[in-house]
Amino acid sequence: MILSKRITSLFVAFVMIIGIAVFAPVSAGAKAKPKLNKTKATVKIGKTIKLKLKNAPSYKVTWTTSKKSVATVLSGAVTGVAKGKATITAKYKGKKYKCKVTVKPNVKKFSQTFTVYKNDTFKLVLVNSYGTTYNAKKWVSSKSSVASIDKNGLIKGKKVGKVTITATDSSGNEIKGTVFVKDGYTALRDYIVKYGATDSDGYKYLQKDEDSYAYAVKYNSDTKEFIFAGRYSTSTRVVSAAMAVPFGGTASVNVVSEINDTDANVYAKTEAVVKPSEFDVMKDVDFKIVTSNAQSDEQMKSMSNAILMRSFYYGWKDILYSNLKMGFAALGFSKYKLVD
């Protein structure tokens with residue numbers, strides 16, 4: 001009986017020794033090493049993400065950023081400042097733990113699409129939530145061969161197509177939108193045909209009246225040309241000018257002017273050749289007298305220039321702008337671009 005108890009006691013002791021040998025290391029446990037919750041992260045400008053060094057008391061961790069101009073850090077909270085990359089470092093007990101952070105811009109879209117015509121210009125501006133315009137830090141066109149854009153937001157149409165324009169504001173955020181480049185002759189023809197009134201000959205036209213002046217842009221579907229007409233009229237005097245611009249353009253156009261004064265019994269007809277690429281509304285063109293019974297040919301030429309200049313600048317130019325947001329440059333008159 002005594003022997004049996006001793007054997008039992010020895011067996012229990014042996015089991016206890018084995019248990020200690022097997023289970024003691026696990027119950028004691030190895031202390032977990034510090035580790036960042038992220039080693040790579042992306043944050044947008046103005047937004048914040050949280051980094052944490054696990055298995056380390058937060059009050060003993062020191063945080064730094066490699067580039068404050070890109071991202072800042074405070075107690076592990078990383079805020080995007082500008083587009084770029086920065087390394088965020090957590091230091092604990094002399095050891096460094098790093099996270100590579102990429103800061104991306106917030107991207108918004110234009111509220112509408114825009115159109116610029118080939119050879120014409122159009123200016124884009126940014127508008128904030130208060131309705132105030134401001135300058136972009138940078139403007140970029142996705143395809144400069146279709147439409148280029150300068151640092152001031154001035155777009156120039158080069159060939160028919162479409163581009164994505166990206167504006168970067170002072171904070172580095174991006175505003176993107178679509179700009180279509182269209183052919184001016186095609187756009188003007190289609191617009192007149194669709195929305196214009198019809199004259200007695202069945203041709204479509206757009207018109208603007210202003211006191212004693214009347215201006216019109218007509219599309220002659222038979223000759224495939226645009227007729228620009230302007231007229232000043234009173235009960236006794238009519239002074240008119242007209243020029244025909246072929247669809248697709250031409251190096252020069254003819255301008256015909258007529259002066260009819262019933263009080264003075266004067267009638268005159270003058271003609272001039274205008275080169276669209278050189279035409280300047282501030283300079284007289286060289287009108288020639290075709291027929292006249294007036295005493296002063298110079299006076300007739302002066303009146304012809306006056307009606308041409310007024311028709312161009314206050315009539316035809318406004319018809320193009322108000323209906324299509326088009327500058328005369330789209331029709332070959334390169335000095336008259338639409339800039340806003």
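**Close-ups of the aromatic rings**

**View 1. A cluster of linked rings.** Phe228, Phe279, Phe312, Trp316, Phe328, Phe333 and Tyr336 are joined into a cluster by ring pairs. Rings of Phe, Tyr and Trp (its six-membered ring) pair if their centres lie within 6.5 Å; planes under 30 degrees apart are called stacked, over 60 edge-to-face, and the rest tilted. Count them up by this rule and you get 19 aromatic pairs. What you're looking at is a predicted model, where local features need pLDDT of at least 70 and side-chain atom pairs count only at pLDDT 80 or more, while totals for chains, interfaces and linings use all residues. Residues are numbered from 1 along each chain as its sequence is written, and side-chain values use heavy atoms, leaving out hydrogens and water.

**View 2. Tyr213 meets Tyr232.** These two form a tilted pair, 5.0 Å centre to centre with 45 degrees between the planes. Tyr213 belongs to strand S22 (residues 213-220) and Tyr232 to strand S23 (residues 225-233), so the pair ties together parts 19 residues apart in sequence. (Strands are DSSP E runs of at least two residues, helices H or I runs of at least four, numbered from the N terminus.) Tyr213 is partly exposed at 21% relative accessibility, and Tyr232 is partly exposed too, at 25%. Buried means under 20% relative accessible area, exposed over 50%, and partly exposed in between (1.4 Å probe, protein chains only).

View 3. Phe228 sits in strand S23 and Phe328 in the segment after helix H3 (297-324), 100 residues apart. Both Phe228 and Phe328 are buried.
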